[in-house]
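Q: Got a model open and want to go through some local geometry. Can we keep it quick?

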Amino acid sequence: MTAANLEAIAKVEKSPGYWSGVLRRIARDPVAMFALCVIVAMILMAVFAPWIAPADPYRGQMLRRLRPIGTAGFPLGTDELGRDMLTRLIYGARLSLMMGVTPVIIAFLIGSAIGITAGYVGGKLNSALMRTIDVFFAFPSVLLAIALSGALGAGIFNGLLSLTIVFIPPIARIAESVTTAVRKIEYVEAARASGASGFTIVRVHVLGNVIGPIFVYATGLISVSLILASGLSFLGLGVKPPEPEWGLMLNTLRNAIYVQPWVAALPGLMIFITSISFNLLSDGLRSAMDLKA
Amino acid sequence: MLTYIAKRLLHTLPVAFGVSIVCFLLVHDRPLPVQYGLWVLTTLQGDLGVSIATGRPVASELWRALGNTLMLAVLATFIGFVLGCLFGFVAGYFRGSWLDKLASFVSIIGVSVPHYWLGMVLVIIFSVQLNWLPATGAGPGGSADWAWDWVHVRHLILPAVTMSVIPMGIVARTVRALVADILSQEFIVGQRAKGLLDLGVFRHVVKNAAPTALAVMGLQLGYLLGGSILIETVFSWPGTGFLLGQAIFQRDLPLLQGTILVLAMFFVALNLIVDVVQTMLDPRVQRS
Amino acid sequence: MKIFDLGAIALVASLGFSQPSLAQGVLRIGMTAADIPLTTGQPDQGGEGQRFMGLTVYDALVHWDLTRADRPSTLIPGLAASWTVDASDKTKWTFKIRDGVKFHDGSALTAEAVVWNLDKLLKTDAPQFDQRQASQGRSRIPAVGSYRAVDALTLEIITRAPDATLPYQLAWIGISSPAQWEKVGKSWQEFAKTPSGTGPWKLTGFTPRERAELVPNKDYWDKTRIPKLDRMVLIPLPEPNARVAALRSGQVDWIEAPAPDAVTSLKGAGMQVITNAYPHNWTWHLSSAEGSPWNDVRVRKAANLAVDREGLKELLGGLMIPAEGFMPPGHQWFGKPSFKLKRDLAEARKLLAEAGYGPAKPFQTKILISPSGSGQMQPLPMNEFIQQNLAEAGMKIDFEVVEWNTLINIWRAGARHESSRGATGMNYSYFIQDPFTGFMRHLQCDLQPPAGTNWGHYCNADMDKLFNEVRNTFDAAAQAKVLERIHEKYVDDALFLMVTHDVNARALSPKVRGFVQAQNWFQDFGTITMAP
């Protein structure tokens, strides 16, 4: 269903005003704009963490461990080692966003390349590429990510690698179906018949039509990726202590739910807010690009 | 129909073959074809090897865990499906109204919430604060003494509800789009304008939306089975996800390999079944 | 879905015969292990495995006296009614096997059965040799050279060299029934499902990773130790939180190592939280293998000076004894080490700089840790705290987390083995009851893996000389003097990162009655009853 929807978007012949129209429509969507603001705020928070954060994210004092939300000097309390929660949540945005967004970006580049090639060239190459992709598609994403990280071992790089491998197949599949649909459109067929080189056709006609839909699809994956990346750390398979990362913080604070339950729940709330913002923005983008809607 | 099923089966075989290779490579540094051949032969006979950590056959460990996870995942899918259909239908039927906005918001929460965190929050509320429901485990006797009585079922509630959130969100979004799509068909618009009985419209919508909704539900069941590790860790639920976690931290490669293989094959098979059933319900939607 | 319930019929039968008035209830225990310990006689899962699945179902030749809570436990006769060492040849020991002891399957205990059991661990070509048990048991008895049954009830053991610690070593070895092993088809895998020992408890069935059930052995040879309970259920609950939740909701009646943060709320809910000193330490075992940064004594001292042990005590809600040495403070072998374990960051940084570390060459290394396990206390937050302490002194530590039983296997394999993955230390918690478990097994040159558990491949001629002296000193007071010198060397050379001693915290529901917490890793569950 998603694929059909995106194919429809791709097949629309893009008039010069199409993209500015999309921008105009999304700027008028209050929900999407709000989500965008939240995301921008998160990114700014991550970039400027050392200037915004009130304390050192690594140093704590045992005497003031597990203080509740609203403690003087520690507005969001302290963690199990007496570190300021607000500071760690701010710093946590760095690794959590990086771990969540990077795999989708890399997978977007690789997956699109595979999918567009397969879709444009077609034939045996298409079958070969897509059957390989099917194999990875046969694993539920959580299982594949965890199996790969489990086999590779914990760590930031291995986590990124596993997640990237997880997201290449769905992106490649969408890219392939969208490209195949576009290839069959009359003016592309005509360009092929007129003897324009394959590269030119891809660059001028295909890319312009397919990148948008693939991009929208990829933005929708970011929220999944964020949840999965933090999930890996939550299991002890991603980021290692003492780095501040929301999933890992949730893991270590889980033992404190009988003492400071709401402090323990804070890192998860951050993951939730970020992930829902990406989802809302992606939905907004999709409806802004869909002329039917 | 039969040829379609046969075609679909033929398509599944290479995928299953690929899946087995991936599982095999996960734990073997050197991909020796002979080794692989032997492994496939023993695996096909139901022998998944012996766990390094416990010395017990992997198959028996897995079999027990699979039952527990299935119980959890089926219940969660059911809850998610019922709620998802409800929200999705309401949202699609009253498209654009505040009811739609509310239902859509609930469904987007469903797909955005980190479920392991939701599980923790539910534990905080219902176990730590209210002390109504147990936080972990599968009951006083573990899964060995499982019975469908309140003493055991209360252990199932929190994990099942937590798990149901994902299919709820996805089913709701699918159903909303389907319902809205069907209702925008001209003759329905006409009927509704004439104020013709809503029951007929309702039946038409259900009949047309059901195959896709059911297919989504089937796939979700597969995702839950394979992705149960986070929730099972939060609730110490003795299923395949829990087993997988232990296999990873015990560096128990035979157990890791066996668990992943069985879960992935389950998913492949489920995909096949969903396709076939969906085609039987609605022959127009043959997926390529 | 119960798989191994062959004993269930026996259970039902025994319940049928017992008088209702004698019923003393069911005790359910939440363990820290992630799995049911190996049931064949030589359990895995460290000291906890031995506590719940070793000395319950099985007996050793020599036992610990677990009846007293007010003093450290001593050795007493177990399956051996008495033992002597030959006056002229100090390597020759004679054990008199207790007469009339029966295994759970009804067969009789003989000296041959003990020999058969030693073969199961030591003789690789014996039909009953079991790699799984051997890897647990062999390193416990390095002194044993040869052995034979002199007659039906007399066992002779010849040690490799004179070794006064032999009885302590034998206290680890559980005696399984040869007859039962024959009966189930000479298979340890089958034996594991229907095990038979001579211990005060019988295993009636278990579900791997979920639970095990034990019932009293009414024919136990020591009538005073026949358990009063009807049943004891063991449940693996590796997560501290899950243990607390299970106790609070009444799923279990007893938990090992409750999360310190939850202690206050547990007491508030009416639970008994009990503690007692016992011979335990929690250290980082440092590697002396080539390339290890810990080969420099200044680095080892720097790390020891960086640890904030008082802060750690705060983290554990007071449930620990800060280390002053390798042995607990006030221990009879403590001696007078000159190196004081205190927090002194300036000194630590100075020592590191002297060792050549600084901004240009930062100190960085990898340590293996576990998420939960026997005697491990609360390893994740404790290690993260120490990581932070060391970072303040300029030492960067990376952790690799592996499950406890896996860590034990790595510990047996040694720092040079590939399973150690280049780590130069591991967070290990030790049973330090006697000269062998306390000192020798960690640092004796010829106990380097795979021969023993000198994980870090430490080898020092002076230390070996001291160890030899201990083994050849059969007089207790003179032996203690040598042990003091050993301990002084342990501390003054900062051979371990010495952090803390556990206080053996357990939380019990108010219904649990009659438990005496011995100052030991092992406990006797026979005295316990459950209030209705």
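Q: Where is A:Leu44 found?
A: A:Leu44 sits in helix 3 of chain A. Helices here are DSSP runs of H or I with at least four residues, strands are E runs of at least two, and both are numbered from the N terminus.

Q: What should I know about the model and the numbering?
A: The model is predicted: local features need pLDDT of at least 70, side-chain atom pairs count only at pLDDT 80 or more, and totals for chains, interfaces and linings use all residues. Residues are numbered from 1 along each chain as its sequence is written, chains are lettered from A and ligands numbered from 1 in the order in which they are written, and side-chain values use heavy atoms, with hydrogens and water left out.

Q: Back to chain A. Which residues make the nonpolar surface patch?
A: A:Leu36, A:Val40, A:Ile43, A:Leu44, A:Val47, A:Phe48, A:Trp51 and A:Ile52 make a patch of about 760 Å². Helix 3 (30-47) and helix 4 (49-52) of chain A are the elements that give two or more residues to it. Helix 3 of chain A gives the most, with five residues.

Q: What are the patch criteria?
A: Patch residues have over 30% relative accessible area and no salt bridge; like charges are joined within 9 Å, and nonpolar side chains (Val, Leu, Ile, Met, Phe, Trp, Tyr) within 5 Å. Accessible areas come from Shrake-Rupley with a 1.4 Å probe, and for residues only the protein chains shown count as cover.

Q: How does helix 3 of chain A cross helix 12 of chain A?
A: Their axes come within 8 Å and cross at roughly 135 degrees. Helix 3 and helix 12 of chain A are therefore oblique to each other. The crossing is left-handed.

Q: How are those terms defined?
A: Axes are lines fitted to C-alpha atoms, for helices over the stretch in contact, and angles run from 0 to 180 degrees between N-to-C directions. Under 35 degrees is roughly parallel, over 145 roughly antiparallel, 65 to 115 roughly perpendicular, and the rest oblique. Left-handed means the near helix is turned anticlockwise from the far one by less than a right angle; right-handed means clockwise.

Q: Now chain B. How many helices and strands?
A: Chain B has eleven helices and zero strands. Buried residues make up 56% of its 288 residues. Its C-alpha atoms fill a box of roughly 70 × 55 × 30 Å along the principal axes.

Q: At what angle do helix 3 and helix 11 of chain B pack?
A: Helix 3 (residues 58-93) and helix 11 (residues 253-281) of chain B pack at about 45 degrees, with axes 10 Å apart. That pair is therefore oblique too. Its crossing is right-handed.

Q: What is the phi of B:Arg251?
A: Near 50 degrees, a positive value in a residue other than glycine. B:Arg251 is in the loop between helix 10 (240-249) and helix 11 of chain B. B:Arg251 counts as buried because its relative accessibility is 18%.

Q: Switching to salt bridges. How many over all chains?
A: The whole structure has 36. The test is a side-chain nitrogen of Lys or Arg within 4 Å of a carboxyl oxygen of Asp or Glu.

Q: What does C:Glu190 pair with?
A: C:Glu190 pairs with C:Lys193, with the closest N and O atoms 3.3 Å apart. They are separated by about one helical turn, because they are three residues apart in helix 7 (residues 188-193) of chain C. C:Glu190 is partly exposed at 35%, and C:Lys193 is partly exposed at 22%.

Q: And C:Lys396?
A: C:Lys396 forms a salt bridge with C:Asp398, closest N and O atoms 3.3 Å apart. Elsewhere, bridges that share partners join A:Asp79, A:Glu80, A:Arg83, A:Arg88 and C:Glu384 into one network.

Q: Last one. Where do the cis peptide bonds fall?
A: One runs from A:Pro241 to A:Pro242, omega near 10 degrees. Another joins C:Pro449 and C:Pro450, omega about 5 degrees.

Definitions and conventions. Buried < 20%, exposed > 50% of the residue type's maximum accessible area, 1.4 Å probe, protein only.
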